[in-house]
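Good morning, and thank you for joining this meeting. I shall present one structure and take its features in turn. Please look first at the display.

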Amino acid sequence: MKKSLIALAALASFAGVASAQSSVTLFGIVDATLAHGSGSVASKNQLTNSGYNSSRLGFRGTEDLGGGMSASFWLEAGVNNDNGSGQNTNTNNQITGSTGGGGLTFNRRSTVSLAGGWGELRLGRDYSPQFWNLTIFDPFGTNGVGTTQTLNGVTIPAIAPITGPAAVFSGGNITLPGSVYPVQVRSSNGIGYFLPGNLGGFYGQVQYYLGENASNAANSNDGKGWGIRLGFANGPFNVAIATSKTDYAQGAAGNVAGDIKTTNIGGQWDFGVAKLMAHYNRDTISAFGADLKGTGYLVGGLIPVGAGEIRLAYSQYKGDGFGLTPKSKKYALGYDYNLSKRTVLYATYAHVSNSGGADSSLNGSITGVNQSSSGYDLGIRHAF
């Protein structure tokens, strides 16, 4: 009996040491959105999610290894709280790698890290470096109907008089870069390095990711790529530049027609009474000795008002090299009201106008070529 008590005491002491050196946190966001979209062809009403922040459920933990070193994990799953399903992920950074959409998948982030005074080594699925500038320097955080057009790209119908490399696409609308760019937001199978946070305001990351194809496959390099981001933040000022390149085989119908390169720059200045932000983005698809180009920019701001803030932005995206020059321009205005530190009510209105053969639309509506579309989000977000 005495030995049992001693063993129990030792076990309790060990558990106390372990809990003191490591921690695990459950976190998440539930965001419900009543969304409406209007177009010249069809409108749509829906109860959806993520109009203000992306709905998610996550687990993260850190263990102190001593000597300034730590190990950590982060598992974060996108949640469709309007219907209870999980969200899709991508296994190989290619169109063929899309999976999930039923049960819970850790599509947002699934990484393990080792960190110290030298920085952080991070392995797994994570944000692509070039995406950070689009989301951080967007007043709407690339969520909801107000999302910057530099992320949405520009769409044109497949029946449009397209010439050159773009003709390899078939069926439905063509988006540049949009849905044909699997690593536009996140990459899987990534190896990333982040600079330490003690460099006088300088920050940065580099990432290399794998498509994981067999070496004797015709598309052996598909889904392989790299990205780098460098920035400087000091007080109210923050600016960063990023670039990336992803390899894809040329001419595969329904897939990306050649390597994609993205370069962008963004920044913000907090004046106290308002925060001004802007970014510029350029995408290039290199195929068949020619380039399909897409360029866009955003200017916007956040204005504190009472217990909330006004969000406003103008963004546009233009394609070039299609045999036409499609362009989509968006105006967005929103207001969020903080009921507490964790609960927000929000409303957003946006309007997109098209020219040059574009037919981009909002919130699931359908609009005709060179016609406009509008939409709004009304919702509530709760974080825990």
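**Salt bridges, strands and buried residues**

Seven salt bridges are counted in this structure, which is a predicted model. I shall begin with the one between Glu-76 and Arg-108, whose side chains meet at 2.5 Å, N to O. Glu-76 belongs to strand E4, residues 69-80, whereas Arg-108 sits in the loop between strand E7 (98-100) and strand E8 (109-116), so the pair ties together parts that are 32 residues apart in sequence. Glu-76 and Arg-108 are both buried. The two residues also take part in a network of salt bridges that includes Arg-56.

A further salt bridge joins Asp-126 to Arg-122, with 2.7 Å between the closest N and O atoms. Asp-126 counts as buried because its relative accessible area is 7%, below the cut-off of 20%. Arg-122 is buried as well, at 12% relative accessibility.

The salt bridge between Asp-247 and Lys-245 has its closest N and O atoms 2.6 Å apart.

Let us turn to the strands. Strand E22 pairs with E1 in the antiparallel sense, over 11 bridges, and Val-30 stands opposite His-382 of E22. E22 also pairs with E21, again antiparallel and over 11 bridges. In that pairing, Ala-347 has Leu-378 in E22 as its bridge partner.

Within strand E1, which spans residues 22-39, I would draw attention to His-36. His-36 is buried, its relative accessible area being 17%. A polar contact of 2.6 Å links its side chain to that of Ser-38. Leaving aside residues up to four places away in sequence, His-36 touches Ser-43, Lys-44, Asn-45, Asn-363, Ser-374, Gly-375 and Tyr-376.

One of these contacts, Asn-363, deserves a separate word. Asn-363 lies in the loop between strand E21 (343-355) and strand E22 (372-383). Although not a glycine, Asn-363 has a positive phi of about 50°. At 17% relative accessibility, Asn-363 counts as buried. A positive phi, near 60°, also occurs at Asn-189, likewise a residue other than glycine; Asn-189 is found in strand E12, residues 186-194.

Next comes Ser-315, in strand E19, residues 308-320. Ser-315 is buried, with 2% relative accessibility. Which backbone nitrogen lies 2.9 Å from a polar atom of the Ser-315 side chain? That nitrogen belongs to Gln-149. Beyond residues up to four places away in sequence, Ser-315 touches several others, including Thr-148, Tyr-297, Leu-298 and Ser-328.

Among the helices, I shall mention H2, residues 129-136, which is mostly covered, with six of its eight residues buried. Those buried residues are Pro-129, Gln-130, Phe-131, Asn-133, Leu-134 and Thr-135.

I close with the confidence of the prediction. The protein chain has a mean pLDDT of 88, and 85% of its residues reach 70 or more. Over residues 1-20 the pLDDT is below 50, and this stretch has zero contacts in the model beyond near neighbours in sequence. Residues 160-172 also have a pLDDT below 50, but here the model shows 32 contacts beyond near neighbours in sequence. Where pLDDT is low, the predicted coordinates should not be read in detail.

Conventions. Residues numbered from 1 in each chain as written. Predicted model: local features only at pLDDT ≥ 70, side-chain atom pairs only at ≥ 80, totals over all residues. Heavy atoms only, no water. Helix = DSSP H or I, 4+ residues; strand = E, 2+ residues; numbered from the N terminus. Buried < 20%, exposed > 50% of the residue type's maximum accessible area, 1.4 Å probe, protein only. Polar contact = N/O pair within 3.5 Å; in protein donor to acceptor, adjacent residues only side chain to side chain. Contact = heavy atoms within 4.5 Å. Pairing = 2+ DSSP bridges. pLDDT = per-residue confidence, 0-100. Salt bridge = Lys/Arg side-chain N within 4 Å of Asp/Glu carboxyl O.
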